Amino acid sequence: MSFTRRAFVRTLGIGGASVLAARRSAGAGLLQLQGSTPAERPLLLHNNENPLGPGQAVLDAVRASLGEGGPAGRYTYRRVAELHEAIAQKFGASPENVVSGCGSTQILRSAVQVFTSPDKPLVAGQLTYEECAGYAELIGTPVRAIPLDRTLKLDLGAMADAAKGAGLLFLNNPNNPTALLHGGDAVSACIDRVLTASPDTTILIDEAYHDYVTDKAHRTQVPTALKNPRVIVARTFSKAHGMAGMRMGYALGHPDTVKKIGDWDGANALNVPAVVAAIASIRDQARLDAERDRNTAARQFTIDWFAKAGFVSTDSQTNFLFVNIKRPVKEFREACRAQGVLVARDFPPFENSHVRISIGTLDEMKRATDVFGKVLGVKAKAA
Amino acid sequence: MPLSRRSFLNGLAETAPFSAALVAARGREASLLEPASVEPPTPADPAEIRIDSNENPLGPGRAAMEALTRAFQDAGRYPTNARPSMGDLRQTVARRLSVRPENVVLGSGSWEVLKTAVRLYTSSSRHLVTAAPTFEQPERTAEQLGVPVTRIPVDKDGRLDLDKMAQAARWAGLVFFCNPNNPTGTLHSARAVADFVARIRRESPETAILIDEAYHDYVTDPGYATALPLALEHPGVFITRTLSKAYGMAGLRVGYAVGQARTIEAFSRWAITFNQNSLAVAAAVASLNDPAHIEAECARNAEARLFTARYFKDKGYKVWDSQTNFVFVEIARPAREFKSACAKHKVMVGRDFPPLEGTHARVSLGTMDEMKRATEVFSQVLGTARAGAGAAHDSATPKK
């Protein structure tokens with residue numbers, strides 16, 4: 001786990017991950033942004049963002065808050081309580097079951113903080129979202145990293161075995177970067193096994209990509225989390241809700257568990273526009289449904305294009321693909337970047353075979369696959 | 001740009017005048033420092049004067065609000081991809097301070113860097129030195145982590161007792177030095193700060209020193225100067241700043257620390273991934289590039305401060321020399337009593353600040369108009385309430 005997401009962000013941090021964009025703005029001077037439409041930038045298919053951003057309801061809510069003046073913005077805490085109420089309502093829970101954070105990342109960190117220690121390790125997949133493992137390293141918590149199985153799925157059996165005596169088991173479902181899902185029954189069985197064999201271990205299920213799942217076998221673990229103090233489910237507004245820039249995530253669980261996580265940092269990192277936006281977005285299920293359908297179509301188009309060109313993708317249940325391009329990702333990435341398309345960084349041990357490509361709009365994916373075709377030497381348009 | 005985004009931006013332009021109150025988030029500090037279990041505040045009352053949390057009553061300037069509005073175009077992008085990006089903000093801060101980006105780390109408000117500092121430099125065997133009263137965030141973190149805390153009372157003029165703090169710094173992990181100090185409003189001169197830092201470096205070279213300059217922009221005392229040169233000169237010495245005060249962005253969460261690149265690198269490692277939101281980044285970049293607005297805000301605040309301090313002095317109450325956007329007044333009765341009496345008149349003043357909660361109240365500065373209305377209420381309250389410094393212990397339950 002030497003190349004964590006944090007390290008990645010830090011490495012590219014000064015100019016931001018969009019190296020080209022940053023270079024351009026650094027040269028042009030920052031104030032040049034004022035009053036003008038930003039210049040064209042590369043296709044950003046490297047960070048699993050929603051290409052459309054938040055929906056109209058969010059824009060209207062924030063607009064109203066900015067426009068109303070006076071009372072609209074005064075009571076931050078009232079707005080946070082309102083957000084927790086709105087989230088609870090969506091899940092048939094109560095506000096005491098909800099904690100919010102500066103992205104789900106803050107919640108993941110807090111969970112590692114409060115549930116692990118030097119003698120209560122973290123268990124995580126060898127290839128999964130790295131926030132928990134990265135933070136564990138910082139605070140001196142040992143990490144038991146469990147390799148993926150032969151189908152590139154998280155090895156639930158091995159993870160459950162490793163959980164004995166652990167403080168926290170982190171389960172990203174669907175998993176980033178492999179895009180693969182474990183069905184509800186498999187996850188429930190894993191949870192039961194851990195709870196029986198290691199009753200002091202807390203299980204954190206990160207359902208960041210939940211809203212993009214189309215596999216009927218999927219089942220959220222929120223109902224389990226609401227009942228069981230040892231299970232927490234984290235969600236984010238950064239993906240299907242299209243609010244990655246606003247920084248808002250949340251988790252659901254038993255009130256005692258949620259309180260432990262929330263007490264660590266309090267609400268200090270929450271920004272007011274994000275709270276207002278999240279309240280509107282969580283109530284807008286129609287937008288989420290439309291976003292899932294949009295993503296599904298663009299995802300299928302891209303999977304089909306690769307398949308026709310002879311490259312196999314995993315069965316993506318997310319807004320990105322993990323594709324076997326049968327060559328070092330670095331050279332593919334650099335060639336794509338030269339043609340204005342950014343794809344994700346290396347994910348060892350798959351850095352010589354699999355690339356992660358986020359799903360943009362269908363139109364963007366048509367442009368992107370043209371570039372992929374050139375870079376991979378695919379003769380005719382496959383799709 | 002998707003159609004919806006365009007219509008949003010157009011719509012905003014039509015909604016005139018838009019208000020900055022949302023991002024100023026008045027009342028934020030008062031709320032955040034309450035225990036998590038506290039009841040949420042009662043619904044907003046437009047007639048209320050919120051002078052309890054040291055926020056800028058006007059919020060950010062127009063340039064910042066316009067930039068914030070435009071930033072919605074990139075709301076779906078991570079703050080490293082948005083334009084301007086987190087990296088752009090870091091560079092803008094660096095440029096304003098004439099340092100390199102490597103000398104700057106951003107925080108989700110200065111809260112985050114204060115918390116990180118305690119984690120980096122203290123332990124169960126390396127204590128935290130702080131003042132009493134001062135901003136409590138560092139000692140709160142220390143308590144969470146089981147780190148011993150030494151609290152040095154302020155002197156009779158409400159100033160941090162630098163001599164005693166330096167003595168207590170021996171073998172300490174971290175000294176927290178808020179300059180000007182919240183809630184007393186007082187400051188130490190550039191010379192005194194330099195001597196203090198030099199002494200600790202000499203007598204306890206392993207001890208880190210955090211100089212919190214949250215109220216830097218409001219200082220008018222010519223003897224003051226930022227400790228930035230000291231932070232760049234010494235390892236383990238750093239300053240923190242926030243855009244929650246003069247910049248009016250308490251609701252947006254932007255703060256930063258500045259020090260030697262090696263010192264700052266450790267902070268970066270601990271930072272919450274994506275600890276800035278793109279709206280805040282855009283507003284902050286615009287604001288940092290608009291120094292005239294901050295100068296005007298400082299002048300506006302100084303006028304309201306002079307008016308308010310003079311009011312209390314004329315009434316015979318002792319006010320320590322404020323270099324901030326609040327005054328700390330010896331009202332000779334419990335702060336809680338004064339607070340609740342004022343609240344009945346819809347004027348919200350500061351909470352308890354132990355160990356002075358039996359005698360002193362903190363009053364943040366609103367607009368001149370708000371302060372005129374507030375002082376009328378103070379006259380009623382102070383004229384009628386029973387002066388009862390002796391009753392201080394009845395209400396002296398520190399919120400910790």
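Colleague: What should I know before reading any numbers?
Modeller: This is a predicted model, in which local features need pLDDT of at least 70, side-chain atom pairs count only at pLDDT 80 or more, and totals for chains, interfaces and linings use all residues. Residues are numbered from 1 along each chain as its sequence is written, while chains are lettered from A and ligands numbered from 1 in the order in which they are written.

Colleague: How many helices and strands does chain A have?
Modeller: Chain A has 14 helices and 11 strands. Here helices (H or I, at least four residues) and strands (E, at least two) are DSSP runs, numbered from the N terminus.

Colleague: And chain B?
Modeller: Chain B comes to 15 helices and 12 strands.

Colleague: What share of each chain is buried?
Modeller: In chain A, 55% of the 383 residues are buried; in chain B, 60% of the 400 residues are buried. A residue is buried if 20 or more other C-beta atoms lie within 10 Å of its own, exposed if 12 or fewer, and partly exposed in between, with C-beta atoms placed from the backbone.

Colleague: Where are the domains of chain A?
Modeller: Chain A is divided into domain 1 (5-54 + 286-376) and domain 2 (56-284); such bounds come from an automatic or database domain assignment. The contact between them takes 27 residues from domain 1 of chain A and 31 residues from domain 2 of chain A. Two residues are in contact if their C-beta atoms, placed from the backbone, lie within 7 Å.

Colleague: Which element gives the most to the domain 1 side?
Modeller: That is H12(A), with seven residues. By class, this side of domain 1 of chain A has nine nonpolar, 10 polar and eight charged residues. For these classes, Ala, Val, Leu, Ile, Met, Phe, Trp, Tyr, Cys and Pro count as nonpolar, Asp, Glu, Lys and Arg as charged, and the others, Gly among them, as polar.

Colleague: Switching topic, which residues touch the most other members of the largest nonpolar core?
Modeller: They are Leu122(A), Leu169(A), Val175(B) and Ala283(B), in a core of 159 residues. A nonpolar core is a set of buried Ala, Val, Leu, Ile, Met, Phe, Trp, Tyr and Cys residues joined through C-beta atoms within 7 Å. Apart from this core lies another of 35 residues, including Ala179(A) and Phe372(A).

Colleague: Is helix H11 of chain A mostly covered or mostly uncovered?
Modeller: Helix H11 (residues 272-282) of chain A is mostly covered, as 11 of its 11 residues are buried.

Colleague: At what angle do H5 and H10 of chain A pack?
Modeller: Helix H5 (residues 103-115) and helix H10 (residues 255-265) of chain A pack at about 105°, with their axes 9 Å apart. H5(A) is therefore roughly perpendicular to H10(A). Axes are lines fitted to C-alpha atoms, for helices over the stretch in contact, and angles run from 0 to 180 degrees between N-to-C directions. Angles under 35 degrees count as roughly parallel, over 145 as roughly antiparallel, 65 to 115 as roughly perpendicular and the rest as oblique.

Colleague: What about H6 and H11 in chain B?
Modeller: Helix H6 (residues 110-121) and helix H11 (residues 261-270) of chain B pack at an angle of about 110°, their axes 10 Å apart. Val113(B), Thr116(B), Arg119(B) and Leu120(B) in H6(B) meet Ala266(B), Phe267(B) and Trp270(B) in H11(B).

Colleague: Which peptide bonds are cis?
Modeller: One of them runs from Pro348(A) to Pro349(A), with omega near 10°. Another, from Asn179(B) to Pro180(B), has omega near -5°.

Colleague: What is phi for Ala179(A), and is the residue buried or exposed?
Modeller: Ala179(A) has a positive phi of about 75° although it is not a glycine. With 26 C-beta neighbours inside 10 Å, Ala179(A) counts as buried.
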